[in-house]
Amino acid sequence: MKVTVKSWTGVATWRWVANDDNCGICRMPFDSCCPDCKLPGDDCPLVWGACSHCFHIHCIVKWLHSQPQQQCPMCRQDWKFNNK
Amino acid sequence: MSYKKEDLKIYWSKINYAFPILNDTIFSDCGNAEYEEIQQIIVGLGIQIKIRDLVLLHIEKYLRQHVAPSFWSKFVKVEEDEKGFQLFKSAVNDLYDAVANFSGMLQRLTILNNSCNDSKPIYAEKDVISGFKQLVRATLLSQLPLDFQVIIESFYKVSFNVFDNEYDKEDMGEDVTCSGCLNECSDCNCMYIVKVFHETNKKLMELQLLERLTGQVLTNFIQMRIESHIQKLCNGTFDKSHIGFLETWLDTTVMSWLTRIYCGGSSKPSPDDKNTLNAILKFKQKLSYFLYHSYTKLRIDELFNIIIEYPDSQPAVDDIKICLEKTDLRSTLCKNLQSALETRLLHPGVNTPDILTAYVTTIRALRHLDPSGVILETVTKPVRNYLRNRDDTVRSVVSSLTEEGAGSELAEELVKFAAETDGDSDKDEAWDEWNPDPVDADPTVDSSDRRANDIISMLVNVYGSKELFVNEYRTLLADRLLAQNAINTEKEIRYLELLKLRFGESQLHYCEVMLKDISDSKRINALIQQDKEIEILNKKFTSNAMILSAQFWPPFKDESLELPEQIKRHFEAYTKSFEGLKGNRTLSWKPHLGNVNIEIEIGDKKLDLTVSPFNATMIMYFQDKPEWSIDELHQVMKVPVTVLRRKITYWQSMGLITEKTTDHFVLVDGSDGNKPNVASNQVQEMICEDDETESVMASAHDQREGELQVFWSYIVGMLTNLDSLPLDRIHQMLKMFASQAPGTECSLQELRQFLDTKVRTHQLVLQGGMYKLPKT
Ligand SMILES: [Zn+2]
Ligand SMILES: [Zn+2]
Ligand SMILES: [Zn+2]
């Protein structure tokens, strides 16, 4: 008997490679989206700060807008986008 | 003053001449002038009272001994109605004559009575004639024989036939027998019957015996005729309204016949005969109530069938609607229909989609019957309870909602709902259409809820909550999306749009993401196929992937499966390519999900199969080594032994693997003597679908249980602090804690079920309606 695989369709789930499961601002899972969005992933991406904390981009932008100082909400260091 | 004996003798014989009844006969030639003289003699003797009383006594005796027995002697049981008709006629005639023969004597008795001046009532009446009639009636009725109704019935039956026939002549055609009198047409007797009928009734009327003698018989008879007429006309035909025809029939045939009975043959009572007018009017009211009542009862007995045939049966439903207002049969209707539904629908022999279809038509028909929704609510309660306990209800509702083509009532309903919401939405509670709730309405239910509920929400409510229903839909959609390679996403999106109108955006948002995942996967997959490394690997076989947003899909059943090395290599390359494409993101594979297209060459035959990753993996291992024990398979595939045993049956049924000894499996290869049965023609070169139709998703029940676990720590906390709490208190407190996340709302009923499972597993104790933590 000879078995030949012609095609294999697998199923995978995607996830962000981050050191936490949930966004520290909105408390939603990173793999879900921020409260203002409907679609996860490309439409509601994550961003990392120089301090290595990460958030939904929409969450951190909203946060920074509402604060007099541009600090990371988790560690209170000055916030800088880390373009890694 | 004294009289000679001879004179007294003469006087007595004269008195006897005037009142022959004293000798037990009736006939006398005594004229008025002659009586004048006799009257004076009586008065002269001062014995008027004595004579009067004596005469009355003799009349009474005569009636008792002769008239009544001879009258009743004709009331015998007869077989033929014709004979009964004649007997009754002659009985009435003879009675009438006998009574008439008294008239001369009664005249004289009246004069005598007037001379008595004692104003004593004659048989409770003021005058002799009335008293006499009263006496006749009383005497007759005191001797009523047992079967007296038989010939009366015959009499009216024969005459009614003639009348009924008169108004129903269209089908006379070439019949040789007259359907009125049942004689041959050439010898038709109808005229005679009508004549006798009128004469007899007239006589009975004069004797004031009509009502007393025939009232009950007539009522029974007419009611019987009404019932049989309704049966004949309406039984089993629901596509026509019958009420109008029945009313006309009652008016033209029955009432005109009755009027003729009461009016001695004329078709109308004289306008100043108030008594007769009244009697007829009363009779008519009684009969039309009876007509509605019988018709409604017939329809109630047939209601289940009427509902099944709805909307073709709408005329019948309209009739019932009219009838319910005129009768008091609402509760009978509810009771009967409920039990009909129970016996014909709610048992294991009927499958769920059929119950659902019947439920939908019931909703439609009863809505039409009773727009207040009260009957519907009462009657279908057992249906809802029953459906709630069937495992496949939500699944059936969802699949019939998404079914395409004719016959899917629910899919139509969904489209209809969408169309309605497009139009003006505020019209359904228009003030001018408002009616108060009927008296049997449940006052705890808001009437606008009852009215506004559409069919789909009624179905969804069967299961308790919208959330659970939507979850089930999500699970079904997930299964369909994963099972089919070439899923028609456009069609699914269209349905999703309809469902969104129905259940709201937020509930179905997850499904939207699922569908987007599938179309995104196609795009990403196409990009990854262009990756150099993938291109090289694809020379052996192509690997594709569906990439899902885990948070939005229903939880997958946890199943382990170790894939063959070459497959894992493909997936690693695929993951790497994905990571390159989407920065900071990676993939987690669900090895047991997906599908595999394989070709099996055995001997000189080829099989082209699409199978599950499990089945593909297993047969690949058998290619490497033709003999495996179950433990060895467990080692390499990392699948529990029980699952292996269950799933290996697929290849056994294909005839490729056989169990040589217990838990020891061998490949049936064409090379050695034992030929595999796949060589037979029908499997050769066939494209075979893996028949594993089991859902890969955790069931709705498991899922919900999982969601409710969120509450468990709260509940334990509460009970630790407060010792014991009743159900509704726990529910209230949970509501305060519950977040807005989907699935965390929890009905009282769900909570009870959840707590009950905790009681069963001894994590809780239920005592006198209070939940407690067990003492440790
Ligand atoms: Zn966030
Ligand atoms: Zn966002
Ligand atoms: Zn930080």
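User: Four donors count as tetrahedral if all angles lie between 85 and 135 degrees. With that in mind, what angles does the site of the zinc ion (ligand 2) have among its four donor atoms?

Analyst: They run from 95 to 123°, so the site is tetrahedral. Bear in mind that this is a predicted model, where local features need pLDDT of at least 70, side-chain atom pairs count only at pLDDT 80 or more, totals for chains, interfaces and linings use all residues, and side-chain values use heavy atoms, without hydrogens and water. Residues are numbered from 1 along each chain as its sequence is written, while chains are lettered from A and ligands numbered from 1 in the order written.

User: Good to know. Which protein donors hold that zinc ion (ligand 2)?

Analyst: A:Cys34, A:Cys37 and A:Cys44 each give SG, and A:His58 gives ND1, at 2.0 to 2.4 Å. Donors here are N, O and S atoms within 2.8 Å of the metal (3.2 Å for Na, K and Ca). The sequence spacing is C-x2-C-x6-C-x13-H. A:Cys34 sits in the loop between strand E1 (2-16) and E2 of chain A and A:His58 in helix H1, so this pair ties together parts 24 residues apart in sequence. Helices (at least four residues) and strands (at least two) are DSSP runs.

User: And what about the zinc ion (ligand 3), which donors there?

Analyst: A:Cys51 (SG), A:His53 (ND1), A:Cys72 (SG) and A:Cys75 (SG), lying 2.0 to 2.4 Å away. The site of ligand 3 is tetrahedral too, with angles of 105 to 115°, and its donors are spaced C-x1-H-x18-C-x2-C. A:Cys51, in the loop between strand E2 (46-49) and strand E3 (54-56), and A:Cys72, in the loop between helix H1 (57-66) and strand E4 (81-82), are 21 residues apart.

User: Switching to chain B: at what angle do H4 and H8 cross?

Analyst: Roughly 40°, with the axes of H4 (residues 81-101) and H8 (residues 190-206) coming within 10 Å.

User: Which residues make the contact?

Analyst: Among them are B:Phe85, B:Phe88 and B:Val92 of H4(B), and B:Ile193, B:Val196 and B:Leu204 of H8(B); contact means heavy atoms within 4.5 Å.

Notes:
Axes fitted to C-alpha atoms, helices over the stretch in contact; angles between N-to-C directions. Tetrahedral: all angles 85-135°; square planar, octahedral: opposite > 155°, others 65-115°.
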